[in-house]
Number of protein chains: 2
Amino acid sequence: MPESQKIAVIGLGSMGYGIAKSCLRDGHQTFGSDIDLGRMRSFQEEGGLVGDLNKFVSVIDAVVVVVLNAEQTRQVLFGDEGIVQNLKTGAVVISCATVPPDFAIEMERCCAEHNVHYLDAPISGGAKKANSGDLTVMASGSLEAFQAAKPVLDATAETVFELGNTAGPGSAMKAVNQLLAGVHIATMAEALTFGMTQGVTPEKFIEVISNCAGTSWMLENRAPHIAQGDYTPHSQINIWPKDLGIVLDIAKSAQFSAPITAVALQQFVAAAGMGLGSEDDAAVAKVYARNADLKLPGEN
Amino acid sequence: MPESQKIAVIGLGSMGYGIAKSCLRDGHQTFGSDIDLGRMRSFQEEGGLVGDLNKFVSVIDAVVVVVLNAEQTRQVLFGDEGIVQNLKTGAVVISCATVPPDFAIEMERCCAEHNVHYLDAPISGGAKKANSGDLTVMASGSLEAFQAAKPVLDATAETVFELGNTAGPGSAMKAVNQLLAGVHIATMAEALTFGMTQGVTPEKFIEVISNCAGTSWMLENRAPHIAQGDYTPHSQINIWPKDLGIVLDIAKSAQFSAPITAVALQQFVAAAGMGLGSEDDAAVAKVYARNADLKLPGEN
């Protein structure tokens with residue numbers, strides 16, 4: 001058995017909840033926090049600690065921050081009730097949100113002022129792999145940050161890419177991955193609905209294309225949602241205006257022109273504008289379907 | 001051993017040459033034709049028949065047309081020296097170029113007037129799989145066309161998708177595949193070069209992303225060309241303004257808006273404008289690199 005650690009997971013969304021459960025499963029005392037009291041109650045029923053984090057914070061070994069964006073991450077760490085000031089020397093912040101590399105570097109510096117380590121650790125893999133402890137982590141940070149984070153990484157990740165010895169490279173790689181993932185989802189939707197105008201059914205599309213050079217991880221993962229007419233959100237439309245927006249912000253700062261990313265982003269913005277923000281991101285196909293007067297599976 | 005057939009392969013480019021070799025390997029008398037005499041001589045040295053097709057045409061069982069586009073296909077079949085008029089009753093034309101579905105339907109009808117079968121049979125898989133007889137064929141046509149084409153399909157294809165009993169669906173599926181394949185190549189180039197602005201090397205990009213949700217078949221196949229600085233053309237830049245142009249023509253006819261495809265097409269047009277038309281299509285990364293003042297591997 002690994003040594004039992006005291007861990008806090010801030011943000012019990014689809015990813016954070018799985019991470020917290022994986023920490024529990026590995027025998028760690030795990031505190032969970034979320035603005036949604038229902039999720040905290042669920043976590044408590046699974047054996048997690050909930051309540052007032054201030055009572056635990058001074059003994060915590062690792063804080064995993066699994067919130068939506070940079071602003072929320074800053075609030076958790078250094079806001080009015082920011083926890084870093086109360087963490088013990090040598091504790092580690094493991095930051096999982098998709099954020100600009102420069103923000104990660106700033107957070108690492110601010111944590112260091114409190115003698116707290118910071119691991120720039122964006123995650124990939126979806127809710128299912130979060131639940132089973134099989135995430136992919138794109139991590140960068142000091143040797144000390146990696147060492148302090150090891151029990152959490154062991155509990156939650158199948159693959160940890162060690163991308164550099166400071167914060168920044170982890171978030172940079174995550175941005176690269178999100179560029180591709182977002183564009184691939186929207187392109188899958190464009191191709192699937194284009195095929196429908198030519199008599200290619202979504203089922204035939206999946207059967208043939210997943211065996212051809214046009215396939216992608218996202219196509220194989222998301223196209224079945226459209227074929228089944230099931231938009232239960234594994235990952236929401238709303239993720240993409242945010243994440244592709246971060247990509248384009250970073251790109252603009254670097255004077256890098258990313259025209260395909262920009263156009264893909266607009267498809268997700270249109271989907272959000274159609275009121276689909278909380279649906280599964282495969283619902284971006286509905287933008288194309290409406291424009292072309294097509295009826296997707298499951299629609300009346 | 002299968003019954004030996006008399007086969008003609010028109011167009012001995014990277015795909016056609018492999019198809020012709022695969023037919024020879026399966027024991028068929030195979031005639032090869034190309035405007036490039038060098039390729040005809042090479043094929044002759046491998047045991048192929050070359051010379052004046054008119055001497056053979058009346059006994060040929062199957063003609064495989066592996067030219068660049070619809071116009072060349074029409075020329076081969078029904079131009080001034082078009083061969084369909086001289087084919088025997090029951091022969092089959094196997095048409096492999098990427099063409100609009102409506103063109104395939106027209107060719108099927110014109111062949112039928114000469115009692116010749118037509119298989120709408122676009123191919124996927126690249127030169128390597130053409131050489132080894134392991135292509136993927138997206139085929140549609142009459143039962144008779146499939147039967148007449150069987151010896152060629154057996155010799156050249158690992159997977160034959162039977163997509164319908166008339167011409168059209170084969171070409172439709174190919175257009176869908178090309179949309180995805182073309183967009184994925186350009187997006188890989190956009191992401192790889194974006195990563196370089198953030199300190200992500202092409203090698204690290206391939207190592208990490210090929211294990212993450214952002215991967216695609218094209219990324220795994222083409223990104224190594226950029227990392228190695230090797231633009232030997234497996235598939236040329238010039239293919240994409242043509243193939244994505246066909247996709248957009250079909251889309252426009254169907255009043256289908258394909259914004260991501262349109263933007264990806266422009267990146268290949270820009271690459272051609274830079275004089276890279278004959279390089280490997282991974283060279284689309286050079287458009288991004290030039291715009292962002294980046295130096296790709298192998299550049300001075």
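Before you start, note that the model is predicted: local features need pLDDT of at least 70, side-chain atom pairs count only at pLDDT 80 or more, and totals for chains, interfaces and linings use all residues. Residues are numbered from 1 along each chain as its sequence is written, while chains are lettered from A and ligands numbered from 1 in the order in which they are written.

**Stop 1: the domains.** Colour 6-166 of chain A as domain 1 and 171-291 as domain 2; these bounds come from an automatic or database domain assignment. Their centres, taken over C-alpha atoms, are 28 Å apart. Where they touch, 13 residues of domain 1 of chain A are in contact with 13 residues of domain 2 of chain A (in contact: C-beta atoms, placed from the backbone, within 7 Å). On the domain 1 side, select helix 4 (101-112) and helix 5 (126-132) of chain A, which each supply at least two residues. Helices (H or I, at least four residues) and strands (E, at least two) are DSSP runs, numbered from the N terminus.

**Stop 2: the sheet.** Now show the open sheet of five strands in chain A, with order 2-1-3-4-5 and parallel pairing (two strands pair if DSSP finds at least two bridges between them). Strand 2 (29-33) and strand 5 (117-120) of chain A are at the edges with a single partner strand each, so one side of each has no neighbour in the sheet. Zoom in on strand 3 (62-65) and strand 4 (92-95) of chain A, which run parallel and are joined by four bridges. Val65(A) has Ser95(A) as its bridge partner there.

**Stop 3: where the chains meet.** Bring in chain B: 52 residues of chain A are in contact with 52 residues of chain B. On the chain A side, helix 7 of chain A gives the most, with 18 residues. That side divides into 33 nonpolar, 18 polar and one charged residues. Ala, Val, Leu, Ile, Met, Phe, Trp, Tyr, Cys and Pro count as nonpolar, Asp, Glu, Lys and Arg as charged, and the others, Gly among them, as polar.

**Stop 4: the axis.** Chain A can be laid on chain B by a turn of 180° and a shift of 0.0 Å along the axis, with an RMSD of 0.1 Å (least squares on C-alpha atoms of residues with pLDDT of at least 70 in both). The two copies are thus related as by a two-fold rotation axis. To find it in chain A, select Ser216(A), whose C-alpha is the nearest, 1.9 Å from the axis.

How values were computed: Two residues are in contact if their C-beta atoms, placed from the backbone, lie within 7 Å.
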